[in-house]
Amino acid sequence: MSKLKIWLVVAGVLWVAGCGSTKNNFTVTGVSAVCVPSRIQSGQVITCAATVYGTGVFLTTVGWTASAGTIDSTGTYTAPVVTSPLSV
């Protein structure tokens, strides 16, 4: 089967005010996403993880999207079934 190169983009970071405070004293400085392995075969299932960096108290929940195949809220990605190479 053809191998797929996966490029998943973290769609967004969900920011929520913490601990009932009326002040939001946090700054999200970056998000890093990794899927292992990064090259997969047609129809294969892999796990992706994200790390959110910043200061203060904030949730590290991320939203996932994929341009081909499917990815759920836990980062489980299922590659589409294809018959020729496809960049995602």
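**Exercise 1.** State which strand holds Val 62, and decide whether Val 62 is buried or exposed.

*Solution.* Val 62 belongs to strand β6, where a strand is a DSSP run of E with at least two residues, numbered from the N terminus. The model is predicted: local features need pLDDT of at least 70, side-chain atom pairs count only at pLDDT 80 or more, and totals for chains, interfaces and linings use all residues. Residues are numbered from 1 along each chain as its sequence is written, and side-chain values use heavy atoms, with hydrogens and water left out. Val 62 has a relative accessible area of 13%. Buried means under 20% relative accessible area (1.4 Å probe, protein chains only), so Val 62 is buried.

**Exercise 2.** Find the cysteines that form the disulfide, then give its handedness.

*Solution.* Step one: a disulfide is a pair of cysteine sulfur atoms within 2.5 Å. The structure contains one. Step two: the sulfur atoms of Cys 35 and Cys 48 are 2.1 Å apart, and these residues form the disulfide. Step three: the torsion about their S-S bond is about 110°, so the disulfide is right-handed. Step four: Cys 35 lies in strand β3 and Cys 48 in strand β5, so the pair ties together parts 13 residues apart in sequence. Cys 35 is buried at 14% relative accessible area, and Cys 48 is buried at 4%.

Definitions and conventions
Helices (H or I, at least four residues) and strands (E, at least two) are DSSP runs, numbered from the N terminus. Buried means under 20% relative accessible area, exposed over 50%, partly exposed in between (1.4 Å probe, protein chains only).
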